[in-house]
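Hello,

Here is the structure for you to look over. My notes on what was found follow below it.

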Amino acid sequence: MAIIGIEIRIAHYPPYTSKYNPIEYRLFPHLSRVCQGAIFESVQTVQDLMAKATTRTGLNVFTTILDKSYQTGRKVAEDFKSNMKIVFDEFLPQWNYTAKPELQVI
């Protein structure tokens with residue numbers, strides 16, 4: 001197992017609070033507008049529509065299609081949890097935390 005030594009920050013919005021998510025609140029209405037009445041014939045159609053979402057204040061949408069197949073059912077290395085320090089945020093620690101790997105020389 002190779003350890004890359006990068007901290008990973010995990011931040012979730014608690015259930016039923018997606019209306020406070022700034023991405024959903026500011027982006028989704030514009031995506032809904034450009035998709036209104038459209039028939040999604042292909043993934044490319046959806047990507048093209050999403051890329052058309054703009055606002056007068058400067059919102060631009062960039063899209064990327066990830067067509068890679070990801071393996072399911074992968075297990076983490078046995079020592080993953082013992083080598084990973086979890087630091088909980090002061091604000092909503094049950095939803096927000098950082099995983100900090102301990103560096104090892106391989």
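Accessible areas come from the Shrake-Rupley method with a 1.4 Å probe, and for residues only the protein chains shown count as cover. On that basis, the accessible surface of the protein is about 9,400 Å². Carbon and sulfur atoms account for 57% of that surface.

Two notes on the source. This is a predicted model, where local features need pLDDT of at least 70, side-chain atom pairs count only at pLDDT 80 or more, and totals for chains, interfaces and linings use all residues. Residues are numbered from 1 along each chain as its sequence is written, and side-chain values use heavy atoms, without hydrogens and water.

The protein has 106 residues, and 19% of them count as buried (under 20% relative accessible area, 1.4 Å probe, protein chains only).

Now the fold. The protein holds 2 helices and 3 strands. These are DSSP runs, numbered from the N terminus: helices are H or I with at least four residues, strands are E with at least two. Along the sequence the pattern reads β-α-α-β-β.

The 3 strands form an open, antiparallel sheet in the order β1-β3-β2. Two strands pair if DSSP finds at least two bridges between them. β1 (8-11) and β2 (84-88) each have a single partner strand, so one side of each lacks a neighbour in the sheet.

β2 pairs with β3 (residues 96-101) over 5 bridges, in the antiparallel sense.

Last, contacts (heavy atoms within 4.5 Å). Among those between residues at least 6 apart in sequence, 45% join residues at least 24 apart.

Best wishes

Methods: Buried means under 20% relative accessible area, exposed over 50%, partly exposed in between (1.4 Å probe, protein chains only).
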